[in-house]
Amino acid sequence: MRIGNVKLENNVFLAPMAGVTDLAFRILCKEMGAGLVVSEMVSSKGIYYKDPGTKTLLQVNPKERPIAIQIFGSDPEIMANIVEEYLNPREDIDIIDINMGCPAPKIVKNGDGSALMKDIILARKILREVVKVSNKPSP
Ligand SMILES: Cc1cc2nc3c(=O)[nH]c(=O)nc-3n(C[C@H](O)[C@H](O)[C@H](O)COP(=O)(O)O)c2cc1C
């Protein structure tokens, strides 16, 4: 199976789970055969403003690759900026996933996560801006 140029051994994926899919958990799932693992959701603003806690969430071990990093946010410029500046140069990150499903009040109240499903124009803008600058995965 492939996503763009990223080769996956099978179609069993570890779903992104905030507070669960940390580095250690992802390695365990990889060792048990997951074809793709996904990080916890990571704040695009946290990356943009260089929050130290956010940096920890972006740690990746070569053992767990291929890996997708899930980002959340609702500012297309910030999201495109962090992809271009911080995620594109990271060769240890294979796929970028954008959260549009989190229903947690602290996320939705900022217009992030599932709030994007109430603003399809904004969701489209985020996708367009991020895809325009992203170097992964390429066809
Ligand atoms: C504790 C917990 C945290 C979750 N965090 C995220 C998250 O950060 N990003 C996301 O896209 N989905 C998140 N989800 C949703 C899961 O990725 C998944 O879509 C959901 O559990 C349904 O999967 P299932 O149909 O296999 O049960 C979370 C779910 C749980 C239970």
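This is a predicted model: local features need pLDDT of at least 70, side-chain atom pairs count only at pLDDT 80 or more; totals for chains, interfaces and linings use all residues.
Helices and strands here are DSSP runs, numbered from the N terminus.

**Around the ligand**
- The residues around the ligand are A15, P16, M17, A18, M41, Q70 and N99.
- By class, this shell holds five nonpolar and two polar residues, with no charged ones.
- An oxygen atom of the ligand sits 2.7 Å from a backbone N or O atom of P16.
- On the side-chain part, an N or O atom of Q70 lies 2.8 Å from a nitrogen atom of the ligand.
- The side chain of N99 also takes part, with an N or O atom 3.2 Å from a nitrogen atom of the ligand.
- Taken alone, the ligand exposes 620 Å², and the protein buries 40% of that.

**A closer look at N99**
- N99 counts as buried because its relative accessibility is 7%, and buried means under 20%.
- A polar atom of the N99 side chain lies 2.9 Å from the backbone nitrogen of C102.
- Leaving aside neighbours within four places in sequence, N99 is in contact with M41, Q70, I71, F72, G113 and L116.

**Helix α4**
- Helix α4 spans residues 76-87, and its buried residues are P76, I78, M79, A80, I82, V83 and L87.
- The cover over these buried residues includes α2 (44-48), β4 (67-72), β5 (95-98) and α6 (120-133).

Key. Residues are numbered from 1 along each chain as its sequence is written. Side-chain values use heavy atoms; hydrogens and water are left out. Buried means under 20% relative accessible area, exposed over 50%, partly exposed in between (1.4 Å probe, protein chains only). Helices (H or I, at least four residues) and strands (E, at least two) are DSSP runs, numbered from the N terminus. Contact means heavy atoms within 4.5 Å. A residue is near a molecule or strand if one of its heavy atoms lies within 4 Å of it. A polar contact is a pair of N or O atoms within 3.5 Å; within protein, one must be able to donate a hydrogen and the other to accept it, and residues adjacent in sequence count only if both atoms are side-chain atoms. Accessible areas come from the Shrake-Rupley method with a 1.4 Å probe; for residues, only the protein chains shown count as cover. Ala, Val, Leu, Ile, Met, Phe, Trp, Tyr, Cys and Pro count as nonpolar, Asp, Glu, Lys and Arg as charged, and the others, Gly among them, as polar.
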